[in-house]
Amino acid sequence: MKDGFGRKIDYLRVSVTDRCNLRCIYCMPEEGIPHISHDSILRLEEIQQLTVLIHHALGLRKIRITGGEPLVRRGIVSLVKGISPLAETVMTTNGIQLPEFAAELAAVGLSRVNISIDSLKDQVIREVTRRDVTLNMIEKAIESAKENNLNPVKLNCVVLKGVNSGELADMVRWATDMGTTMRFIEHMPMTGSVCSHVPHDDILLEVSRDLGSSEFTGTEGTANMYETLSGVRFGIIAPVGGGMCANCTRLRLTAEGELLPCLAGGESLNLRDMLRSGREDGEIISAVHGLVAKKPHHGACGGVSMWRIGG
Ligand code: SAM
Ligand code: SF4
(Lines give C-alpha, C1' and ligand atoms only; values in the text may rest on other atoms or scores of the structure.)
(Ligands and ions follow the chains in the order given, each with its own letter.)
Protein backbone atom coordinates (compact mmCIF):
# COMPACT_ATOMS: atom_id res chain seq x y z
CA MET A 1 0.00 0.00 0.00
CA LYS A 2 1.19 3.54 -0.77
CA ASP A 3 1.00 6.33 1.79
CA GLY A 4 -0.08 9.93 1.20
CA PHE A 5 3.40 10.78 -0.18
CA GLY A 6 3.38 7.93 -2.72
CA ARG A 7 5.80 5.77 -0.70
CA LYS A 8 5.16 2.00 -0.83
CA ILE A 9 5.05 0.95 2.83
CA ASP A 10 6.17 -2.67 2.78
CA TYR A 11 8.94 -2.94 5.40
CA LEU A 12 8.09 -3.80 9.02
CA ARG A 13 10.60 -3.54 11.85
CA VAL A 14 9.51 -5.62 14.82
CA SER A 15 11.04 -4.94 18.22
CA VAL A 16 10.68 -8.23 20.08
CA THR A 17 11.99 -6.94 23.41
CA ASP A 18 13.08 -3.67 24.96
CA ARG A 19 15.68 -5.50 27.08
CA CYS A 20 19.35 -5.78 26.21
CA ASN A 21 22.55 -7.42 27.45
CA LEU A 22 24.52 -4.21 26.63
CA ARG A 23 24.10 -0.55 27.61
CA CYS A 24 25.39 1.39 24.61
CA ILE A 25 26.00 5.00 25.55
CA TYR A 26 24.07 6.32 22.52
CA CYS A 27 21.06 4.10 23.18
CA MET A 28 20.35 3.27 26.82
CA PRO A 29 20.90 4.83 30.21
CA GLU A 30 23.55 3.08 32.31
CA GLU A 31 20.99 1.74 34.77
CA GLY A 32 18.98 0.10 31.97
CA ILE A 33 15.43 0.78 30.91
CA PRO A 34 12.51 1.70 33.15
CA HIS A 35 10.62 -1.35 34.35
CA ILE A 36 7.76 -2.33 32.05
CA SER A 37 5.24 -4.85 33.38
CA HIS A 38 5.50 -8.32 31.86
CA ASP A 39 1.85 -8.09 30.81
CA SER A 40 2.31 -5.04 28.68
CA ILE A 41 4.89 -6.79 26.46
CA LEU A 42 3.48 -8.73 23.51
CA ARG A 43 3.62 -12.51 23.82
CA LEU A 44 5.38 -14.27 20.92
CA GLU A 45 2.06 -15.54 19.54
CA GLU A 46 0.73 -11.98 19.59
CA ILE A 47 3.78 -10.67 17.70
CA GLN A 48 3.24 -13.37 15.10
CA GLN A 49 -0.52 -12.71 14.87
CA LEU A 50 -0.02 -8.96 14.43
CA THR A 51 2.75 -9.44 11.87
CA VAL A 52 0.44 -11.69 9.83
CA LEU A 53 -2.33 -9.05 9.97
CA ILE A 54 0.05 -6.24 8.98
CA HIS A 55 1.25 -8.44 6.12
CA HIS A 56 -2.36 -8.94 5.01
CA ALA A 57 -2.90 -5.19 5.17
CA LEU A 58 0.24 -4.12 3.30
CA GLY A 59 1.87 -7.05 1.49
CA LEU A 60 5.20 -6.92 3.31
CA ARG A 61 8.42 -7.27 1.33
CA LYS A 62 10.76 -7.34 4.33
CA ILE A 63 10.52 -7.90 8.09
CA ARG A 64 13.38 -6.91 10.40
CA ILE A 65 13.54 -8.44 13.86
CA THR A 66 15.20 -6.04 16.28
CA GLY A 67 15.01 -4.82 19.88
CA GLY A 68 16.49 -4.11 22.49
CA GLU A 69 18.57 -7.16 21.73
CA PRO A 70 16.41 -9.71 19.86
CA LEU A 71 18.57 -12.68 20.87
CA VAL A 72 17.82 -12.17 24.58
CA ARG A 73 14.11 -12.85 23.94
CA ARG A 74 13.32 -16.46 24.82
CA GLY A 75 11.61 -18.27 21.92
CA ILE A 76 13.19 -16.06 19.24
CA VAL A 77 13.88 -19.05 16.96
CA SER A 78 10.26 -20.17 16.93
CA LEU A 79 9.12 -16.59 16.28
CA VAL A 80 11.43 -16.35 13.25
CA LYS A 81 10.11 -19.72 12.09
CA GLY A 82 6.53 -18.41 12.27
CA ILE A 83 7.24 -15.12 10.53
CA SER A 84 9.82 -15.98 7.86
CA PRO A 85 7.34 -17.57 5.39
CA LEU A 86 5.59 -14.17 5.09
CA ALA A 87 8.47 -12.07 3.70
CA GLU A 88 12.27 -11.81 3.66
CA THR A 89 13.15 -11.90 7.38
CA VAL A 90 16.34 -10.26 8.62
CA MET A 91 17.70 -9.30 12.04
CA THR A 92 19.69 -6.49 13.65
CA THR A 93 21.74 -7.76 16.59
CA ASN A 94 24.71 -6.82 18.71
CA GLY A 95 25.98 -10.30 17.85
CA ILE A 96 27.02 -11.34 21.36
CA GLN A 97 24.79 -14.44 21.32
CA LEU A 98 24.81 -14.97 17.56
CA PRO A 99 27.32 -17.87 17.52
CA GLU A 100 24.85 -19.74 19.74
CA PHE A 101 21.83 -19.06 17.50
CA ALA A 102 23.06 -18.54 13.92
CA ALA A 103 22.60 -22.13 12.70
CA GLU A 104 19.10 -22.48 14.18
CA LEU A 105 17.99 -19.09 12.88
CA ALA A 106 19.25 -19.85 9.39
CA ALA A 107 17.48 -23.22 9.48
CA VAL A 108 14.11 -21.60 10.26
CA GLY A 109 14.35 -19.02 7.49
CA LEU A 110 16.31 -15.98 8.69
CA SER A 111 17.92 -14.52 5.54
CA ARG A 112 20.64 -12.30 6.89
CA VAL A 113 21.85 -10.14 9.78
CA ASN A 114 23.14 -6.66 10.50
CA ILE A 115 25.65 -6.63 13.35
CA SER A 116 26.54 -3.57 15.41
CA ILE A 117 30.20 -2.68 15.89
CA ASP A 118 31.33 0.77 17.00
CA SER A 119 35.11 0.42 17.13
CA LEU A 120 38.02 -1.93 16.39
CA LYS A 121 39.56 -1.18 19.80
CA ASP A 122 38.51 -3.31 22.77
CA GLN A 123 38.80 -0.37 25.12
CA VAL A 124 36.48 1.79 23.01
CA ILE A 125 34.02 -1.09 22.49
CA ARG A 126 33.87 -1.49 26.28
CA GLU A 127 33.44 2.24 26.76
CA VAL A 128 30.57 2.37 24.24
CA THR A 129 28.74 -0.80 25.28
CA ARG A 130 29.45 -0.34 29.03
CA ARG A 131 30.03 -4.10 29.09
CA ASP A 132 33.01 -6.46 28.71
CA VAL A 133 32.69 -6.83 24.94
CA THR A 134 35.75 -7.38 22.74
CA LEU A 135 36.44 -7.20 19.00
CA ASN A 136 37.04 -10.94 19.07
CA MET A 137 33.46 -11.53 20.22
CA ILE A 138 32.12 -9.46 17.32
CA GLU A 139 34.43 -11.26 14.88
CA LYS A 140 32.99 -14.56 16.08
CA ALA A 141 29.47 -13.23 15.48
CA ILE A 142 30.37 -12.22 11.93
CA GLU A 143 32.02 -15.59 11.26
CA SER A 144 29.01 -17.48 12.57
CA ALA A 145 26.70 -15.45 10.32
CA LYS A 146 28.86 -16.12 7.27
CA GLU A 147 29.25 -19.83 8.04
CA ASN A 148 25.47 -20.13 8.17
CA ASN A 149 24.95 -18.18 4.97
CA LEU A 150 23.24 -15.23 6.66
CA ASN A 151 24.67 -13.13 3.82
CA PRO A 152 25.40 -10.38 3.01
CA VAL A 153 26.41 -9.42 6.55
CA LYS A 154 26.22 -5.66 7.06
CA LEU A 155 27.86 -3.84 9.96
CA ASN A 156 26.35 -0.82 11.74
CA CYS A 157 28.49 1.79 13.49
CA VAL A 158 27.05 4.84 15.23
CA VAL A 159 29.61 7.61 14.74
CA LEU A 160 30.42 9.46 17.97
CA LYS A 161 32.60 12.53 18.09
CA GLY A 162 35.78 11.95 20.11
CA VAL A 163 34.94 8.27 20.65
CA ASN A 164 35.22 6.38 17.35
CA SER A 165 35.54 9.23 14.85
CA GLY A 166 39.17 8.90 13.76
CA GLU A 167 39.01 5.17 13.05
CA LEU A 168 36.29 5.17 10.39
CA ALA A 169 38.58 4.42 7.43
CA ASP A 170 40.21 1.56 9.37
CA MET A 171 36.75 0.16 10.02
CA VAL A 172 35.86 0.29 6.31
CA ARG A 173 39.09 -1.59 5.44
CA TRP A 174 38.57 -4.11 8.22
CA ALA A 175 34.94 -4.76 7.24
CA THR A 176 35.98 -5.32 3.62
CA ASP A 177 38.68 -7.79 4.72
CA MET A 178 36.02 -9.60 6.78
CA GLY A 179 33.84 -9.91 3.63
CA THR A 180 31.23 -7.47 5.00
CA THR A 181 30.13 -3.87 4.41
CA MET A 182 30.51 -1.05 6.91
CA ARG A 183 27.63 1.38 7.32
CA PHE A 184 28.02 4.48 9.46
CA ILE A 185 24.94 5.85 11.19
CA GLU A 186 24.56 9.48 12.25
CA HIS A 187 23.90 9.54 15.97
CA MET A 188 20.32 10.51 16.71
CA PRO A 189 19.78 12.38 19.94
CA MET A 190 17.67 10.02 22.05
CA THR A 191 16.11 9.88 25.47
CA GLY A 192 18.88 8.63 27.76
CA SER A 193 21.78 8.77 25.29
CA VAL A 194 24.81 10.91 26.04
CA CYS A 195 26.79 11.48 22.83
CA SER A 196 27.58 14.08 20.25
CA HIS A 197 26.66 13.92 16.64
CA VAL A 198 28.90 13.74 13.53
CA PRO A 199 27.01 14.75 10.37
CA HIS A 200 26.92 12.75 7.12
CA ASP A 201 29.33 15.03 5.22
CA ASP A 202 31.96 14.91 7.97
CA ILE A 203 31.78 11.11 8.01
CA LEU A 204 32.26 11.04 4.23
CA LEU A 205 35.13 13.50 4.46
CA GLU A 206 36.93 11.48 7.12
CA VAL A 207 36.71 8.19 5.19
CA SER A 208 37.65 9.84 1.88
CA ARG A 209 40.63 11.61 3.45
CA ASP A 210 42.18 8.25 4.33
CA LEU A 211 40.89 6.00 1.52
CA GLY A 212 40.80 8.45 -1.39
CA SER A 213 37.80 10.13 -2.95
CA SER A 214 34.58 8.17 -2.84
CA GLU A 215 31.82 8.18 -5.40
CA PHE A 216 28.13 8.02 -4.53
CA THR A 217 26.78 4.83 -6.11
CA GLY A 218 23.12 5.03 -5.09
CA THR A 219 20.95 4.16 -2.11
CA GLU A 220 20.41 0.81 -0.39
CA GLY A 221 17.28 1.29 1.68
CA THR A 222 18.05 4.37 3.74
CA ALA A 223 21.85 4.14 3.31
CA ASN A 224 23.77 6.32 0.86
CA MET A 225 26.35 3.96 -0.64
CA TYR A 226 29.85 5.07 -1.66
CA GLU A 227 32.76 3.40 -3.43
CA THR A 228 36.41 4.40 -3.37
CA LEU A 229 38.60 4.35 -6.48
CA SER A 230 40.04 1.02 -5.29
CA GLY A 231 36.53 -0.47 -5.20
CA VAL A 232 35.96 -0.44 -1.41
CA ARG A 233 32.27 0.10 -0.52
CA PHE A 234 30.68 1.66 2.54
CA GLY A 235 27.40 3.30 3.49
CA ILE A 236 26.22 6.32 5.48
CA ILE A 237 22.79 6.46 7.06
CA ALA A 238 21.77 10.04 7.83
CA PRO A 239 18.54 10.15 9.81
CA VAL A 240 19.35 13.54 11.30
CA GLY A 241 20.75 15.28 8.22
CA GLY A 242 17.59 14.34 6.38
CA GLY A 243 17.01 12.97 2.91
CA MET A 244 15.92 9.61 4.37
CA CYS A 245 12.22 10.41 4.52
CA ALA A 246 11.66 10.32 0.76
CA ASN A 247 12.82 6.66 0.65
CA CYS A 248 11.29 5.58 3.98
CA THR A 249 9.11 2.49 3.48
CA ARG A 250 9.03 1.50 7.17
CA LEU A 251 6.59 0.86 9.93
CA ARG A 252 7.69 -0.14 13.43
CA LEU A 253 5.96 -2.49 15.85
CA THR A 254 7.22 -1.96 19.41
CA ALA A 255 7.55 -4.75 21.98
CA GLU A 256 4.45 -3.28 23.65
CA GLY A 257 2.42 -3.58 20.47
CA GLU A 258 2.36 0.01 19.31
CA LEU A 259 2.55 0.50 15.55
CA LEU A 260 4.61 3.60 14.71
CA PRO A 261 4.73 5.05 11.21
CA CYS A 262 7.60 7.46 11.93
CA LEU A 263 10.50 7.96 14.37
CA ALA A 264 9.92 11.70 14.50
CA GLY A 265 6.43 11.40 15.92
CA GLY A 266 2.88 11.58 14.67
CA GLU A 267 -0.02 9.23 15.26
CA SER A 268 0.47 5.62 16.34
CA LEU A 269 -1.82 2.64 16.81
CA ASN A 270 -2.10 0.43 19.88
CA LEU A 271 -2.46 -2.96 18.20
CA ARG A 272 -1.95 -4.86 21.46
CA ASP A 273 -5.11 -3.43 22.95
CA MET A 274 -7.06 -4.00 19.72
CA LEU A 275 -5.93 -7.63 19.64
CA ARG A 276 -6.55 -8.26 23.35
CA SER A 277 -9.99 -6.69 23.25
CA GLY A 278 -11.01 -9.16 20.57
CA ARG A 279 -11.34 -6.80 17.61
CA GLU A 280 -12.01 -8.53 14.28
CA ASP A 281 -9.06 -9.06 11.91
CA GLY A 282 -10.76 -6.81 9.34
CA GLU A 283 -10.96 -3.97 11.84
CA ILE A 284 -7.24 -4.25 12.65
CA ILE A 285 -6.35 -4.35 8.96
CA SER A 286 -8.46 -1.21 8.29
CA ALA A 287 -6.80 0.58 11.21
CA VAL A 288 -3.35 -0.26 9.74
CA HIS A 289 -4.50 1.13 6.37
CA GLY A 290 -5.69 4.31 8.10
CA LEU A 291 -2.36 4.76 9.90
CA VAL A 292 -0.28 4.18 6.76
CA ALA A 293 -2.35 6.70 4.80
CA LYS A 294 -1.28 9.32 7.36
CA LYS A 295 2.43 8.38 7.63
CA PRO A 296 4.27 11.70 8.03
CA HIS A 297 7.21 13.14 6.08
CA HIS A 298 9.06 15.31 8.60
CA GLY A 299 12.44 15.76 6.96
CA ALA A 300 14.50 14.21 9.79
CA CYS A 301 14.24 11.49 12.46
CA GLY A 302 14.83 11.63 16.21
CA GLY A 303 13.57 12.21 19.70
CA VAL A 304 12.61 8.74 20.92
CA SER A 305 14.26 5.79 22.69
CA MET A 306 15.99 3.37 20.33
CA TRP A 307 15.81 0.39 22.69
CA ARG A 308 12.04 0.92 22.64
CA ILE A 309 11.45 1.22 18.92
CA GLY A 310 14.30 -0.90 17.60
CA GLY A 311 16.51 1.51 15.66
N1 SAM B 1 20.57 -4.52 19.90
C2 SAM B 1 20.64 -4.58 18.49
C3 SAM B 1 21.85 -3.84 17.96
O4 SAM B 1 22.42 -3.04 18.71
O5 SAM B 1 22.20 -4.06 16.81
C6 SAM B 1 19.39 -4.12 17.80
C7 SAM B 1 18.68 -2.92 18.36
S8 SAM B 1 19.52 -1.38 18.15
C9 SAM B 1 18.41 -0.25 18.89
C10 SAM B 1 19.34 -1.14 16.41
C11 SAM B 1 20.30 -0.16 15.79
O12 SAM B 1 20.04 1.12 16.30
C13 SAM B 1 21.76 -0.45 16.07
O14 SAM B 1 22.47 -0.54 14.86
C15 SAM B 1 22.22 0.74 16.87
O16 SAM B 1 23.55 1.05 16.59
C17 SAM B 1 21.26 1.82 16.40
N18 SAM B 1 21.11 2.91 17.37
C19 SAM B 1 20.82 2.82 18.67
N20 SAM B 1 20.77 4.06 19.25
C21 SAM B 1 21.05 4.95 18.24
C22 SAM B 1 21.15 6.36 18.18
N23 SAM B 1 20.97 7.12 19.26
N24 SAM B 1 21.42 6.92 16.99
C25 SAM B 1 21.60 6.17 15.88
N26 SAM B 1 21.52 4.82 15.87
C27 SAM B 1 21.26 4.22 17.04
FE1 SF4 C 1 21.42 -2.81 23.26
FE2 SF4 C 1 21.45 -2.44 20.63
FE3 SF4 C 1 20.78 -0.41 22.30
FE4 SF4 C 1 23.29 -1.28 22.24
S5 SF4 C 1 22.17 -0.35 20.52
S6 SF4 C 1 22.08 -0.90 24.10
S7 SF4 C 1 23.07 -3.43 21.86
S8 SF4 C 1 19.65 -2.26 21.98
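**Charge pairs and their surroundings**

Glu 88 has a relative accessible area of 33%, so Glu 88 is partly exposed. All of this rests on a predicted model. Glu 88 pairs with Arg 112 in a salt bridge, with 3.6 Å from N to O. The two ends sit in two strands: Glu 88 in S3 (residues 88–93), Arg 112 in S4 (residues 110–116). The pair therefore ties together parts that are 24 residues apart in sequence. Arg 112 counts as buried because its relative accessibility is 8%, under the 20% limit.

Other bridges share partners. Arg 43, Glu 45, Glu 46 and Arg 276 are joined into one network this way. Take its members in turn. Arg 43 bridges to Glu 45, and their closest N and O atoms are 3.7 Å apart. Arg 43 is partly exposed, because its relative accessibility is 44%.

Arg 276 and Glu 46 meet through their side chains in a salt bridge of 2.8 Å, N to O. Arg 276 shows 37% relative accessibility, so Arg 276 is partly exposed. Glu 46 shows 4%, so Glu 46 is buried. Across the whole structure, a search finds 14 salt bridges. The pairs described here are among them.

Why can such pairs form at all? Opposite charges on side chains can pair when the charged atoms come close.

Helix H3 (residues 98–107) has buried residues Leu 98, Phe 101, Ala 102 and Leu 105. Their arc around the axis spans only 125°, which means they lie on the same side of H3. The spacing has a simple background. With 3.6 residues a turn in an α-helix, residues three or four places apart point the same way. The other side of H3 carries Glu 100 and Ala 107, both exposed.

What do the buried residues of H3 pack against? Their contacts are helix H2 (76–83), S3, S4 and helix H5 (135–147). S3 and S4 are the strands that hold Glu 88 and Arg 112. Just after H3, Gly 109 adopts a positive phi of about 110°.

Asp 201 is placed in helix H7 (residues 200–211). Asp 201 counts as exposed because its relative accessible area is 54%. In space, Asp 201 and Ala 238 are 9.4 Å apart, C-alpha to C-alpha, while 37 residues separate them in sequence.

For contrast, turn to a site without charge. Around ligand 2 lie Cys 20, Leu 22, Cys 24, Tyr 26, Cys 27, Met 28, Gly 68 and Asn 94. That shell has 6 nonpolar residues, 2 polar ones and no charged ones.

Cys 248 qualifies because its relative accessibility is 14%, and Cys 262 because its value is 16%.

Terms used:
Residues are numbered from 1 along each chain as its sequence is written. Chains are lettered from A and ligands numbered from 1 in the order in which they are written. This is a predicted model: local features need pLDDT of at least 70, side-chain atom pairs count only at pLDDT 80 or more; totals for chains, interfaces and linings use all residues. Side-chain values use heavy atoms; hydrogens and water are left out. A residue is near a molecule or strand if one of its heavy atoms lies within 4 Å of it. Ala, Val, Leu, Ile, Met, Phe, Trp, Tyr, Cys and Pro count as nonpolar, Asp, Glu, Lys and Arg as charged, and the others, Gly among them, as polar. Buried means under 20% relative accessible area, exposed over 50%, partly exposed in between (1.4 Å probe, protein chains only). A salt bridge is a side-chain nitrogen of Lys or Arg within 4 Å of a carboxyl oxygen of Asp or Glu. Helices (H or I, at least four residues) and strands (E, at least two) are DSSP runs, numbered from the N terminus. The arc is that of the directions from the helix axis to the C-beta atoms. Contact means heavy atoms within 4.5 Å.
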